[in-house]
Amino acid sequence: WEAIENGTGNTVYSGTVDLTTTQSGSTYNLTDGARGNHKTYNLNRGTSGTGTLFSGPDDVWGNGSPSNLESAAADAHYGAALTWDYYKNVHGRSGIRGDGVAAYSRVHYGNNYVNAFWSDSCFCMTYGDGSGNANPLTSIDVAAHEMTHGLTSNTAGLNYSGESGGLNEATSDIFGATVEFYAKNSSDVGDYLIGEEININGDGTPLRYMDKPSKDGDSKDAWYSGIGSIDVHYSSGPANHFFYLLSEGSGTKTINGVSYDSPTSDGLPVTGIGRDKAEKIWFRALTTKFTSTTNYAGARTGTLAATGELYGTDSAEYRAVQDAWAGVNVGA
Ligand code: ASN
Ligand code: ZN
Ligand code: CA
């Protein structure tokens, strides 16, 4: 018999946070009893199996330093809980498959492993510790990005290549950002940057920028014929840019202390409708309109159909979706 407990995580990226755990006898486990028993495991630098469930004699996890192996575990456990809560409270979906069943997390994958990934076969997320094992890939936006790959897999099923692959990646970035905004704790105020906390480039710059994706040097700001042949992490650019434009509008803006500058490819302005509406449109399109082969033209059609259902076709929201797609060169 296990009791649900309220533990404390001293994370690497999110400060001190509440974690939901379980207690069995005199042992506490990193098992989220309030969210489908989502478990967080220690691979201890191995690369296979589940390793060992994080457990111990007290309900305090980590000390904030990556050298304490519980710290990144606290981040991963927290990120999974936030993502679970976001999908449940904002979109009414209970777990990745909508069946209340949790995935699980594995941290400390390999040595100096600079990546994180979702796997359909284990129904789990896995995190490396980054360069020098000093920058675990466990920030909220990365955790939500990976968990969202599971959602996409179990809904639209967007094929992970060509334009559908770019849309799959963008979906993970979009909800990576919205979950971070949803977190709203003092360390995570929310931004339209992906991976700004994990220092993946070694110079403190983010992995991706949604206001102007080309700032990373590789991603595209707008659709062009042939974009389907580049890496899906770069062909995601126009959809990330669409989401930013739809939420916040074109031009310059400062949000939570971060400055954005979002130009449009057609030079015409876009008036944003706010993130709350934009995320509902993308979720509805993903879960009820997109299929495995949806391309950019299909994403436009699908998001417009979703917007029509949510807000009507003669609405400011509908026109903003049209304008935002035009702003990334996806036209009628
Ligand atoms: N972090 C990457 C992603 O989620 C991992 C990968 O490319 N498989 O897209
Ligand atoms: Zn991804
Ligand atoms: Ca971010």
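This is a predicted model: local features need pLDDT of at least 70, side-chain atom pairs count only at pLDDT 80 or more; totals for chains, interfaces and linings use all residues.
Domain 1 covers residues 3-138 and domain 2 covers 162-326, with bounds that come from an automatic or database domain assignment. Before we go on, a word on conventions: residues are numbered from 1 along each chain as its sequence is written, while chains are lettered from A and ligands numbered from 1 in the order in which they are written. Local features need pLDDT of at least 70, side-chain atom pairs count only at pLDDT 80 or more, and totals for chains, interfaces and linings use all residues.

The contact takes 13 residues from domain 1 and 14 residues from domain 2, where two residues are in contact if their C-beta atoms, placed from the backbone, lie within 7 Å. On the domain 1 side, helix H1 gives the most, with 5 residues. Helices (H or I, at least four residues) and strands (E, at least two) are DSSP runs, numbered from the N terminus.

Now follow H1 (residues 69-91) to helix H2 (residues 140-153): their axes come within 9 Å and cross at roughly 60 degrees. Axes are lines fitted to C-alpha atoms, for helices over the stretch in contact, and angles run from 0 to 180 degrees between N-to-C directions. H1 and H2 are therefore oblique to each other; angles under 35 degrees count as roughly parallel, over 145 as roughly antiparallel, 65 to 115 as roughly perpendicular and the rest as oblique. Here Ala76, Gly79, Ala80, Leu82 and Thr83 of H1 meet Ile140, Ala143, Ala144 and Met147 of H2.

The residues around ligand 1 are Asn115, Ala116, Phe117, His145, Glu146, His149 and Glu169, each with its C-beta atom, placed from the backbone, within 6 Å of the ligand. Strand S10 (116-119) and H2 are the elements that give two or more residues to this shell.

Finally, look at helix H3 (residues 162-183) and helix H6 (residues 275-288), whose axes come within 11 Å and cross at roughly 140 degrees. That makes H3 oblique to H6. Their contact is made by Thr171, Ile174, Thr178 and Phe181 of H3 and Arg275, Glu279, Trp282 and Leu286 of H6.
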